[in-house]
Amino acid sequence: MNKSYIQNSFYEKTARNRIASIVDKNSFVEILKPGSMPTSPNLASLDITGSFDDGVIIGKATIKDNFVYIIAQEGQFMGGAVGEMHGAKIVGMLLKAIEEKPKAIVFFVDSGGVRLHEANAGLIAISEIMRAMLKVRNAGIPIITVIGGTNGAFGGMGISACLSTHIIMTEEGRLALSGPEVIETLKGVEEFDSKDRALVWRVTGGKTRYLLGHVQVLVEDDIDDITQEIIAALQLPVANVDLSYLQQQQDGLQQQYDQWFGKKDSLSIWQSMNINNPDSISMLSAEQVKAIKKG
Amino acid sequence: MNILNFKFTSQPVDVTMKEVICGVVGSGNLEILVSSITDNEHSEFIINTSVTGFDHIWEAVIQEFVNRYAVGGLQFEINDMGATPAVVSLRLSQAINILEGEAHE
């Protein structure tokens, strides 16, 4: 597809603007609006300025007339990290969905994980989010996650994102457990050079996640493309999470582990997947990468 | 945390919508929540900032803003993370633009 117009980037928008640009006009109804709840007492006790929404915006909306719940993390506020109130808002929204049964929950993840300033409260919040996500899935409600923000999805939010029924990812979005700086600090620069941005994106970015089958959809960083993929995902049936499904997933991961353990870069993995010119992948569009996967 | 309170005399604002959120609490940035108060002869400012020692700069920037716009009857609550005076001024103007329905997105 020829894209000569100016890109309408998801990556560069704030959480509020991401919601506004994807949902039907004037359909968004925010829950716990700014000013209707206190700001984080944990941050205040550390002399850090809080935010009116504690870095996450929740509410109800329609997307092309489909009634959905929306959760959007604001990556600019403390790296989108999950604190006590931030987590409580997400959990509340997830559990409410089980009662009200929207068509889906659309989750714009943009987070480095737990907000360490809030220590245990943040860790508990993450585990509550995971538990709530599984309950929502069990109730047959799809969770459509979009990873395309500045912080990607790391730490506890990396795990949580993987509990979604459907993940839509841009190349710019990143998905992993430990962040690049964390790996470098613990294991040394020989293990992982966090300053090598090309390496970081090759290993954690959307293209490699898509090629390895960890996410369902790769898309350009474009609001229209992302909206279309959300609408497409709304039509899909929700896979039942039972023992055989989980065993199948586990077998797939074990196979990848056995095959590629010890590889230092996605380039060598792409090579062993028999992809021609793995070096060129970083320069390809989402469409071209999808074509490679389909063969 | 440094909490600053200012109250300025101002002409009454002439818009109906009086609830606006603008900006993000990010490094060098701030968010503003505009709401209405009953006293429409004055505007109130509540500023939460982790930076200390710049109270007179805040006052000067807000005085300049109040001189430019009729904002009586409005309250501006600000969460600041080290925004420079220019950014503060810009965000305040932006909040007024959104109130007047001129700028969305």
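**Close-up views of chains A and B**

**View 1. Polar contacts link chain B and chain A.** In this predicted model, six residue pairs, both partners at pLDDT 80 or more, are in polar contact between chain B and chain A.

**View 2. The interface as a whole.** Here 17 residues of chain B are in contact with 18 residues of chain A. About 1,400 Å² is buried between the two chains. Carbon and sulfur atoms give 61% of that area. How many salt bridges cross the interface of chain B and chain A? The rule finds zero.

**View 3. Five strands form an open sheet in chain B.** The strand order is S1-S4-S5-S3-S2, and the pairing is mixed. Strands S1 (2-9) and S2 (20-23) of chain B stand at the edges. Each has a single partner strand, so one side of each is left without a neighbour in the sheet. From one strand to the next, the twist averages 15°.

**View 4. S4 and S5 of chain B run parallel.** Strands of a sheet pair through backbone hydrogen bonds. Six bridges join S4(B) to S5(B). Look for Ile47(B): its bridge partner in S5(B) is Ile78(B).

**View 5. A helix packs on the sheet of chain B.** Helix H1 (residues 55-68) of chain B touches S1, S3, S4 and S5 of that chain. The direction of H1 makes about 30° with that of S1(B).

Note on methods: Residues are numbered from 1 along each chain as its sequence is written. Chains are lettered from A and ligands numbered from 1 in the order in which they are written. This is a predicted model: local features need pLDDT of at least 70, side-chain atom pairs count only at pLDDT 80 or more; totals for chains, interfaces and linings use all residues. Side-chain values use heavy atoms; hydrogens and water are left out. Contact means heavy atoms within 4.5 Å. Buried area is the accessible area (1.4 Å probe) that two parts lose on being put together, summed over both. A salt bridge is a side-chain nitrogen of Lys or Arg within 4 Å of a carboxyl oxygen of Asp or Glu. A polar contact is a pair of N or O atoms within 3.5 Å; within protein, one must be able to donate a hydrogen and the other to accept it, and residues adjacent in sequence count only if both atoms are side-chain atoms. Two strands pair if DSSP finds at least two bridges between them. Helices (H or I, at least four residues) and strands (E, at least two) are DSSP runs, numbered from the N terminus. Axes are lines fitted to C-alpha atoms, for helices over the stretch in contact, and angles run from 0 to 180 degrees between N-to-C directions.
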